[in-house]
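Hello,

Here is the structure I promised to pass on to you. Please have a look at it first, and then read my notes below.

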Amino acid sequence: MRVPATGPRLLLKRLREVMAEPIGPQERLDKIVQLIAANLVAEVCSVYALRADGVLELFATEGLNPEAVHQSSLRLGQGLVGTIAAQAKPLNLKDAQSHPAFAYLPETGEEIYSSFLGVPMLRAGRSLGVVVVQNKVNREYGEEEVEALETSAMVLSELVAAGELEALNTRGVGLDLTRPIMVEGAALSDGIGLGHVVLHEPRVVVTNLFNEDADRELERLKEALAGLRISIDHMLTRGDMADNGEHRDILEVYRMYANDRGWVRRMDEAIVNGLTAEAAVEKVQSENRTRMYGLSDPFMRERLHDFEDLARRLLRQLMGKSQGALTDGAPKDAIVVARNMGAAELLDYDRAGLRGLVLEHATATSHVVIVARALGIPVGQAAGIVSRCENGDAIIVDGTDGIVHLRPAGDVEAAYVEKVRFQARRQEQYAALRDQPSRTKDGIEIELLMNAGLSVDLPQLDLSGAHGIGLFRTELQFMIAEALPKLKEQQKFYSTVLEAAGNRPVTFRLLDVGGDKVLPYLNSVAEENPALGWRAVRFAIDRPGLMRVQLRSLLRAASGRELRLMVPMTTEVDEIDKVRAMLNKEAGLVEKFGTPPPSDILLGSMIEVPHLLWQLDELMSRVDFVSVGSNDLFQFMAASDRTNSLMADRYNPVSVPFMRALKSIVDAGKRNDTPVHLCGEIAGRPLSAMALFAIGFRSVSMPPAAIGPVKAMLTSLDLNELTRICDEALAADAGRTDLGAIISHFADANSIPY
């Protein structure tokens, strides 16, 4: 197929020639605007670049007053040019001056021009500037002209991204690509990380924009699309996709999109107009991103993410790159930046070089955040961060205050370096408390346990000074494995945990999978609300084989020593009876085949479902201990999704209603002489831990890094006095009582560190 060298293709050919000339950046820009104006038969062509201070500066023009170059400017959102940059959408107007956003710049001499076409210069969905054409006559520009200008804008955006226009900076303000950005989000994991960006799903950078042979590029795209479709078909025919379920539904949607004729047609047209196959994919995806980012419909926004993923896969097919997170060659001070990621994906990175994690969508109780916290990795949440950074950008994540600084200024970086030094001195103070008793000022002993779930957590037992492990999440071993761990693998792992603990207690939570904790090698079912669905003990009772193997491996690993097990997501007391029956049967079999039994077996229940609050006495007659899972219990009581960042700070767990519920559990434990523990995020924050101790908890489990701050707090605490104050607050009007404020006032008045 021979393509005529007219229209956009001819323009692209000439732009390529100008880009290859050994000339300065201003001369290159001037030639580009002349070419665009001539090709579109426009009397004006202008290029505005977005500066770091949010101002669009006129960098080149053909047709307007040349003295206005580097003198005229518009703020982001001001005038037609500012509107285009702010909304990342083109404007095609017959009469520009009648548009409500029109702003008159007298120094340019543009008042004589009526028609106006402006398109954003986009890179990864981000506006770097605007390119405009104008004519005196009232006319609407055609589709081919819009296409030609968008293609030109893509070339200009690469010119900006390459840094060539920085040499034209006359005002001491860099272009937007390098401007410092601060994003305030949620504080997810304490600590500060300084380093350089490593994008979890790095964009494939397209450097070859212009094609020499359109037929060959069309064939390359066709072959890459065929490879993409085959890879999706292969995933659909794998054994673990045989049954219907959420995984299969998602891949079926991917297959539908990969065969979308409109998507393919637009890429073909871009190639015919002179782009390479890679540049065509990037151009069409940039247009998709621009159209769909402004939509409020969550369904359509989700479809954008699907097309984003397909475009990345297609680019990798074209460029021969492997799929997945790239961890090789990462800097020694890597800050991983991602929209979201799984717990197992985080563990693919070299821990020695990982300084922090920044996520667009996550909360303090997301699984990846829990794992990062266990590894001592600072985590921050920052909306929209992925599209605003590049691999290698300097970045600071403040997981304590929930702030992310991208490309920080020198004074900001210096301030954080000093903050890190200060935190290191505080950690030395906490380390000095490690071997001291966990006792309040008025002599009340508090058991401080740590949460764990991976072998990398175990050294923290000694380093933190924890009394033991109050929550060992056994599902993490399953989540990071490529296949279902066999009995001997599980037994070896649990033996390692028990040996590391020595004489300290370890409480293993039985497998909590299902719902949002999907094991890729097990069939799953699509659920409207997975947090309330077929998970944890519900799953185990229906499919007992998995739990029986786990019980057997735990019984063997604990041979001759105490074994503490707890059941997750208990809703009815008869579920405990069913688990105990399985446990007794497996214990008999283990002993029958010659393995010495544990010295003692303690079976407990987690209290996470509010339904149990009206079965507390019946429950405690059946178990050896209970452990409150405060994360889920609060989520269900407040009807507030703990994975939804919009709801993360909406309701306060240190509130009178929730504390009343927790106190009822403590009181039931006293009535039944049943030990009561608590594990969850509120145990690891000094102020909320004060509330727990005041209502009667004497054993709590938390992330290892939280033990030092909580211990420093409790050794300064007069607990009897705080208990009296909190009892009065719990008896007062819940709607008018701010328990958190009462406790923080008490801490300030008594110089208690928090």
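Arg 407 counts as buried because its relative accessibility is 10%, and the cut-off for buried is under 20%. Before going on, please keep in mind that this is a predicted model. Arg 407 sits in the loop between strand E14 (403-406) and helix H12 (410-433). Its backbone is worth a look: phi of Arg 407 is near 50°, a positive value in a residue other than glycine. Most residues other than glycine have a negative phi.

Ala 536 is another such case, with a positive phi near 55°. This residue is found in helix H16 (residues 536-542). With a relative accessibility of 2%, Ala 536 also counts as buried.

**The protein as a whole**

Stepping back, the secondary structure comes to 25 helices and 22 strands. Of the 754 residues in the protein, 54% are buried. If you take the contacts between residues at least 6 apart in sequence, 67% of them join residues at least 24 apart.

**An aromatic cluster**

Next, the rings. A pair of aromatic rings is described by the distance of the centres and the angle of the planes. The count comes to five aromatic pairs. In one of them, the ring centres of Phe 493 and Tyr 494 are 5.9 Å apart and the planes lie at 50°, so this pair is tilted. Phe 493 and Tyr 494 are both buried.

Tyr 494 also pairs with Phe 508, this time edge-to-face, with 5.5 Å from centre to centre and 70° between the planes. Tyr 494 belongs to helix H15 (residues 487-501) and Phe 508 to strand E17 (residues 506-509), so the pair ties together parts that are 14 residues apart in sequence. Phe 508 is buried, as is Tyr 494. Together with Phe 472, the residues Phe 493, Tyr 494 and Phe 508 form one aromatic cluster.

Finally, turn to helix H20 (residues 630-638) and helix H21 (residues 656-672), which pack at an angle of about 125° with their axes 11 Å apart. That angle makes H20 oblique to H21. Their crossing is right-handed. Which residues in H20 and H21 meet? From H20 come Ser 630, Leu 633, Phe 634 and Met 637, and they meet Phe 658, Ala 661, Leu 662 and Ile 665 in H21. The residues of this contact divide into seven nonpolar, one polar and no charged.

Enjoy exploring!

Best wishes

Key: Residues numbered from 1 in each chain as written. Predicted model: local features only at pLDDT ≥ 70, side-chain atom pairs only at ≥ 80, totals over all residues. Heavy atoms only, no water. Axes fitted to C-alpha atoms, helices over the stretch in contact; angles between N-to-C directions. Helix = DSSP H or I, 4+ residues; strand = E, 2+ residues; numbered from the N terminus. Parallel < 35°, antiparallel > 145°, perpendicular 65-115°, else oblique. Left-handed = near helix turned anticlockwise from the far one by under 90°. Contact = heavy atoms within 4.5 Å. Nonpolar A, V, L, I, M, F, W, Y, C, P; charged D, E, K, R; others polar. Phe/Tyr/Trp six-rings, centres within 6.5 Å; stacked < 30°, edge-to-face > 60°. Buried < 20%, exposed > 50% of the residue type's maximum accessible area, 1.4 Å probe, protein only.
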